[in-house]
Amino acid sequence: MGKRILTGLKPTGELHLGNYFGAIQQIVAMQEGGEEVFLFVADLHALTGLSDREVHRRDEQEQLFSTFVRSFTALGIDPNRVMIYRQSDFPQITELAWIFACMVKMPFLTIGHAYKDAVQKGSEPSVGTFLYPALMAADILLPDAAVVPVGKDQVQHIEITREFARRFHRLTGTDYFTEPEERAEDQMTVPGIDGEKMSKSYRNTIPIFGSEEVIRQQIQSIKTDSTPAGEPIDPATCLICTYLKLMLSEKEYLAREDQCRSGGVTYKELKDQLADAYLAYFAKAREQYQKTEGDGEYVDRILEKNRDTLNTLFSDRLHEAKRLLGLVS
Ligand code: TRP
């Protein structure tokens with residue numbers, strides 16, 4: 001077994017194509033490579049907007065969470081090999097985050113990009129947004145992760161995490177925490193149907209488990225230019241082609257490119273082809289997802305299986321961190 005790998009995903013809604021190619025596929029590959037992977041749902045990180053929203057209903061949160069876990073496993077993540085858990089189930093993480101927050105001065109966190117972006121946009125960030133990197137450092141350092149697969153937008157948070165570890169080490173004269181490394185290079189950024197980065201907050205996603213109707217609708221609304229029927233389509237700038245490339249074998253895809261270049265296909269036809277390819281590509285996952293739909297205990301069983309192991313690990317490591325700081329004996 002190699003170094004422990006860990007990553008967290010915010011439960012923002014239904015999983016979409018960007019999540020799959022940007023994160024899930026890599027996790028499945030690491031699992032298949034026999035690596036030790038921790039995968040958690042960062043539900044506390046998803047709370048940073050609480051001051052602006054009216055309600056965060058528990059049942060909706062539960063729903064969102066179990067949808068997420070069922071999506072992971074339907075897409076090939078094996079809960080017997082990957083340690084799946086929910087951040088908020090382990091208060092040891094937030095306790096360490098608080099200790100980290102007390103270990104640094106304010107200016108250290110004002111560079112955090114989530115906070116900086118919010119300030120620049122003129123909105124008033126919550127204190128949670130400000131502390132976001134401290135919680136993330138605790139997420140990573142408490143389980144002793146060595147490698148953290150993240151999107152490029154998260155690399156700064158891993159740098160800040162290393163800095164938290166160093167400060168802890170300077171304070172205690174130890175090297176207790178592993179300084180984690182990000183693994184950002186194999187994360188793909190998938191464009192949304194409007195050409196921007198695919199993201200729930202931009203409403204430009206194609207869901208994986210939505211109804212066939214919604215999937216087809218989203219695919220029909222992919223942005224295209226005004227090339228008239230019969231004219232050649234340039235695959236390099238055609239968004240539909242970008243998706244087709246992900247769904248098809250190289251041979252099949254190249255045949256589509258030829259069709260585009262020869263003017264032998266319209267955008268409408270290309271979209272229909274994509275919709276079929278999309279549904280075929282995710283057919284197994286969609287079927288698997290359906291199977292867990294009616295099993296109310298499916299997600300609980302996964303959480304329960306990991307609870308004791310994680311509680312012991314996190315409590316022991318938190319205790320040792322506090323002991324090194326002189327907070328407990
Ligand atoms: N901040 C990450 C994101 O928005 C989610 C996250 C929270 C995370 N804690 C983490 C990712 C720890 C990796 C490791 O995508």
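Is Glu-62 buried, partly exposed or exposed? With a relative accessible area of 30%, Glu-62 is partly exposed (buried means under 20%, exposed over 50%, partly exposed in between, with a 1.4 Å probe and protein chains only). The model is predicted, so local features need pLDDT of at least 70 and side-chain atom pairs count only at pLDDT 80 or more, while totals for chains, interfaces and linings use all residues. Residues are numbered from 1 along each chain as its sequence is written, and side-chain values use heavy atoms, leaving out hydrogens and water.

The structure contains 23 salt bridges, each a side-chain nitrogen of Lys or Arg within 4 Å of a carboxyl oxygen of Asp or Glu. Three of them are listed here.

| Salt bridge | Closest N and O atoms |
|---|---|
| Arg-81 and Glu-32 | 3.3 Å |
| Glu-62 and Arg-86 | 3.4 Å |
| Arg-216 and Glu-212 | 3.1 Å |

Glu-62 belongs to helix H2 and Arg-86 to strand E3, so their pair ties together parts 24 residues apart in sequence. Helices (H or I, at least four residues) and strands (E, at least two) are DSSP runs, numbered from the N terminus. Arg-86 counts as buried, at 9% relative accessibility. Both residues also join Asp-89, Glu-304 and Arg-307 in a network of salt bridges. By contrast, Arg-216 and Glu-212 are four residues apart in helix H8 (residues 212-220), about one helical turn.

Helix H2 (residues 58-74) also packs with helix H13 (residues 298-324), at an angle of about 80° and with axes 9 Å apart. The two helices are therefore roughly perpendicular (65 to 115 degrees; under 35 is roughly parallel, over 145 roughly antiparallel and the rest oblique).

Terms used: Axes fitted to C-alpha atoms, helices over the stretch in contact; angles between N-to-C directions.
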